[in-house]
Amino acid sequence: MEHARQVHDKYYETADTALARVPLAVAFQNKTGVPKVYGAAGLASVWILLVFFNIGAPLLVNLVGFGYAAYATVGAIESPGKEDDTQWLAYWVVFGLFNVAEYFAGFLLYWFPFYYVAKLAFLVWLMLPATRGAERLYHTGVRPIMLNIANRRAPAPAAATAAPAAANGPTSSSTATTNLKSE
């Protein structure tokens, strides 16, 4: 039981410190006398229950997907480091592709029970700094596909095409290539 109390206290202190920077949470605590951590936990619980029972779930899940991500992206833009910029750029690419796929498959996804709970969990996984899911998915899925597409559109090296091009004479067409930066 003592271990559970230590874990509770650790997370409580972390959440309390984070919520101390949110004026609305501080005002809530001052007006009601309820600790801001418990208010946030109650709000999160209601939010999750509404998603679980599919009451306004598309809106609530997309608010998480857009709202928090937009807030964190602005913070990343304003920070001096590049590390968080990469995470949020990868997030927006993956999130955009996911929403396009969801748009076309939405009529099928509607029939899956707890789809919005799974989508919420997926979006949280994409966003969390501990998992860096968006970067992981970008580097293992999106980037290889985009590089493959770019390589198919790229012209052959100049040495290999010089002889056939000279034999055919000059052409007036130009080839546009996509250059994805390799890491």
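Arg 132 sits in the loop between α6 and α7. Its phi is positive, about 45 degrees, although Arg 132 is not a glycine. That's worth a second look, because most residues other than glycine have a negative phi. Keep in mind that this is a predicted model.

**The chain overall**

- Reading from the N terminus, the elements run α-α-α-α-α-α-α-α.
- The protein chain has 183 residues, and buried ones make up 19% of them.
- Take the contacts between residues at least 6 apart in sequence: 51% of these join residues at least 24 apart.

- Arg 132 is partly exposed, because its relative accessible area of 24% falls between the 20% and 50% cut-offs.
- Phe 114 also has a positive phi, near 60 degrees, and is a residue other than glycine.
- You'll find Phe 114 in the loop between α5 and α6.
- With a relative accessible area of 48%, Phe 114 is partly exposed.

**Where α6 meets α7**

- Helix α6 covers residues 115-127 and helix α7 covers residues 133-153.
- The two helices pack at an angle of about 90 degrees, with their axes 5 Å apart.
- Angles of 65 to 115 degrees count as roughly perpendicular, and α6 and α7 are therefore roughly perpendicular to each other.
- On the α6 side, the residues involved are Phe 122, Trp 125 and Leu 126, and they meet Gly 133, Ala 134, Arg 136 and Leu 137 of α7.
- Sorted by class, this contact has five nonpolar, one polar and one charged residues.

**A closer look at Phe 122**

- Phe 122 lies in helix α6 and is partly exposed, with a relative accessible area of 24%.
- If you skip residues up to four places away in sequence, Phe 122 touches Val 94, Phe 98 and Leu 137.
- Phe 122 and Ala 134 are twelve residues apart along the chain, and their C-alpha atoms are separated by 9.8 Å.

- Gln 87 is in helix α5, and it counts as buried because its relative accessibility is 3%, with the cut-off for buried at under 20%.
- What does Gln 87 contact, leaving aside its neighbours within four places in sequence? The list is Leu 126, Met 127, Arg 132, Ala 134 and Glu 135.
- Arg 132, the loop residue we began with, is one of those contacts of Gln 87.
- Glu 102 is found in helix α5 too, and it is buried, with a relative accessible area of 13%.
- Again leaving aside neighbours within four places in sequence, Glu 102 is in contact with Leu 109, Tyr 115, Tyr 116 and Lys 119.

**Aromatic rings**

- Searching the whole structure turns up 14 aromatic pairs.
- One of them is Phe 52 with Phe 53: the ring centres are 5.1 Å apart and the planes are at 85 degrees, so this pair is edge-to-face. The reasoning is simple, because planes over 60 degrees apart count as edge-to-face.
- Phe 52 is partly exposed at 39% relative accessible area, while Phe 53 is exposed at 54%.
- Now try Tyr 91 and Phe 95: is this pair stacked or edge-to-face? Their ring centres are 5.4 Å apart and their planes are at 15 degrees, so the pair is stacked.
- Tyr 91 and Phe 95 both lie in helix α5 (residues 83-109), and they are four residues apart, about one turn of the helix.
- Are Tyr 91 and Phe 95 buried or exposed? Tyr 91 is buried, with a relative accessible area of 0%, and Phe 95 counts as buried at 2%.
- Tyr 91 and Phe 95 also belong to one aromatic cluster, together with Phe 66, Tyr 68, Trp 88 and Trp 92.

**A charge over a ring**

- Lys 10 lies over the face of Tyr 11, at 5.3 Å from the ring centre.

Methods:
Residues are numbered from 1 along each chain as its sequence is written. This is a predicted model: local features need pLDDT of at least 70, side-chain atom pairs count only at pLDDT 80 or more; totals for chains, interfaces and linings use all residues. Side-chain values use heavy atoms; hydrogens and water are left out. Rings of Phe, Tyr and Trp (its six-membered ring) pair if their centres lie within 6.5 Å; planes under 30 degrees apart count as stacked, over 60 as edge-to-face and the rest as tilted. Buried means under 20% relative accessible area, exposed over 50%, partly exposed in between (1.4 Å probe, protein chains only). A charge sits over a ring if NZ of Lys or CZ of Arg is within 6 Å of the ring centre and within 35 degrees of the ring normal. Axes are lines fitted to C-alpha atoms, for helices over the stretch in contact, and angles run from 0 to 180 degrees between N-to-C directions. Angles under 35 degrees count as roughly parallel, over 145 as roughly antiparallel, 65 to 115 as roughly perpendicular and the rest as oblique. Contact means heavy atoms within 4.5 Å. Ala, Val, Leu, Ile, Met, Phe, Trp, Tyr, Cys and Pro count as nonpolar, Asp, Glu, Lys and Arg as charged, and the others, Gly among them, as polar.
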